[in-house]
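Have a look at the picture, then read on point by point.

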Amino acid sequence: ASALAERMSWVKESPSSRVADRVRAFQAAGRTVLPLTIGEPDFDTPDHVKDAAIAAIRAGETKYTSANGTPALRRAIVSRLLRKTGQSYADGEICLGGGAKQLIFLAFLATLDEGDEVVVPAPYWVSYPDMVALNGGRPVVVEAGAAEGYKITPDRLRRAIGPRTKWLVLNSPNNPTGAVYSAEELAALADVLRAHPHVSVLCDEIYDEINYGAHAVPSMVTVAPDLREQVFLVNGVSKAYAMTGWRIGYAAGSARLCSALGTLQSQSSSCPSSVSQAAAVAALDGGRDFIDRTVGIYRKRRDLLVSGLAAVEGLRPAVPEGGIYVWTDTSALMGATTPSGAVLASDTDLAEHLLDTSGVVVITGDSYGCPGHFRASFALSEDVIREAVAGIAHSISLLR
Ligand code: PLP
């Protein structure tokens with residue numbers, strides 16, 4: 001067998017897949033499990049999207065496309081970006097990937113030399129630091145805690161920037177906290193970036209349509225159009241249109257970066273699936289009905305989960321402004337004793353206690369670089385959410 005490359009020792013399996021294995025083991029033992037770990041919409045892909053994919057198959061759209069996708073999809077992306085940001089991107093300023101995740105990976109591969117730094121505010125989406133490390137970079141984790149609304153402040157950003165800093169990663173709406181950067185907050189960060197033109201910002205806007213605010217989620221390019229060349233805007237169809245399995249993400253940025261990503265795409269996967277591309281056109285051009293309907297449903301679930309958790313002593317949930325997760329402060333429970341006499345000393349201890357005593361599964365805060373918390377998803381029916389809240393309340397009532 002071939003020996004593995006050294007880089008494999010820098011990455012770990014994603015915590016959600018680790019938890020999924022635990023859940024399967026519990027279910028196999030006949031126990032009921034309430035998985036608040038779900039990281040994707042529980043809705044089915046809309047019918048008009050599926051129909052477009054079937055029509056594409058029948059029409060023979062089953063061959064390789066350009067690495068940057070079909071002209072129809074690039075047009076749909078350009079007009080979506082214009083609607084969202086007010087910026088008109090040229091064809092060469094768009095790139096396509098097998099999910100936003102692949103685009104983020106390729107962006108780091110294309111830009112990081114050994115030892116280059118990437119500023120990652122914590123709590124962070126679990127994949128950013130590993131993707132940076134895999135591509136030779138060094139993640140510089142900067143705390144963005146409850147006191148700052150889980151957002152990196154201009155001052156902390158300024159202090160984290162050094163001569164080797166290539167990127168700031170900004171994820172709004174945020175996974176796991178649900179925080180959304182306001183236009184004013186983005187403008188203040190833009191001031192820092194303007195003073196450091198060697199630093200670009202990767203804006204991961206994958207949850208932008210799952211938004212509970214009165215206004216659209218602001219984008220860095222709208223707030224600071226002069227920084228357009230410094231902004232790499234990443235999005236996709238996974239979350240907004242319940243299309244996680246179709247694997248289509250898109251990005252907009254400088255023509256130089258997009259062309260580099262096209263080269264990497266052409267030498268690694270050739271192109272994303274042609275059938276999924278046809279489906280993504282139908283999604284992006286298909287109006288807002290699906291989004292409006294599902295966000296209405298998510299909002300009710302969010303309110304149910306937040307109010308349920310807030311009523312449990314020792315839990316402090318943050319109200320998410322976007323996305324599908326509730327980030328909950330559990331620090332008050334550390335040091336408590338379980339009925340079996342064990343003392344809760346870590347996020348994992350608490351998660352194990354919840355699983356053992358009520359079958360509820362959450363993802364531990366330390367996975368996101370921020371111990372003393374858990375992330376609970378509400379991409380679940382209201383019945384499951386109610387049952388899970390009752391389970392959590394029961395488990396916590398057992399602590400002394
Ligand atoms: N970015 C964040 C913050 C996410 O939470 C996810 C998925 O969980 C992704 C990107 C990946 O999205 P995609 O399905 O487009 O690869």
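1. A word on terms to begin: helices (H or I, at least four residues) and strands (E, at least two) are DSSP runs, numbered from the N terminus. Please keep in mind that this is a predicted model, in which local features need pLDDT of at least 70, side-chain atom pairs count only at pLDDT 80 or more, and totals for chains, interfaces and linings use all residues. Residue numbers start from 1 along each chain as its sequence is written.

2. The protein chain holds 13 helices and 13 strands. Its radius of gyration (taken over C-alpha atoms) is 21 Å, close to the 21 Å from the globule rule (2.2 Å times the number of residues to the power 0.38) for 400 residues, so the chain is as compact as a globular protein of that length. The C-alpha trace spans about 60 × 55 × 55 Å along its principal axes.

3. Now to helix H5, residues 127-134: its buried residues (20 or more other C-beta atoms within 10 Å of their own, C-beta atoms being placed from the backbone) are Tyr128, Pro129, Met131 and Val132. They cover an arc of only 165° around the axis (from the directions from the helix axis to the C-beta atoms), which puts them on the same side of H5.

4. What do the buried residues of H5 pack against? Their partners, by contact (C-beta atoms within 7 Å), are helix H4 (100-111) and strands S3 (117-122), S4 (138-143) and S5 (165-171). After H5 comes glycine 136, with a positive phi near 90°.

Terms used:
A residue is buried if 20 or more other C-beta atoms lie within 10 Å of its own, exposed if 12 or fewer, and partly exposed in between; C-beta atoms are placed from the backbone. Two residues are in contact if their C-beta atoms, placed from the backbone, lie within 7 Å.
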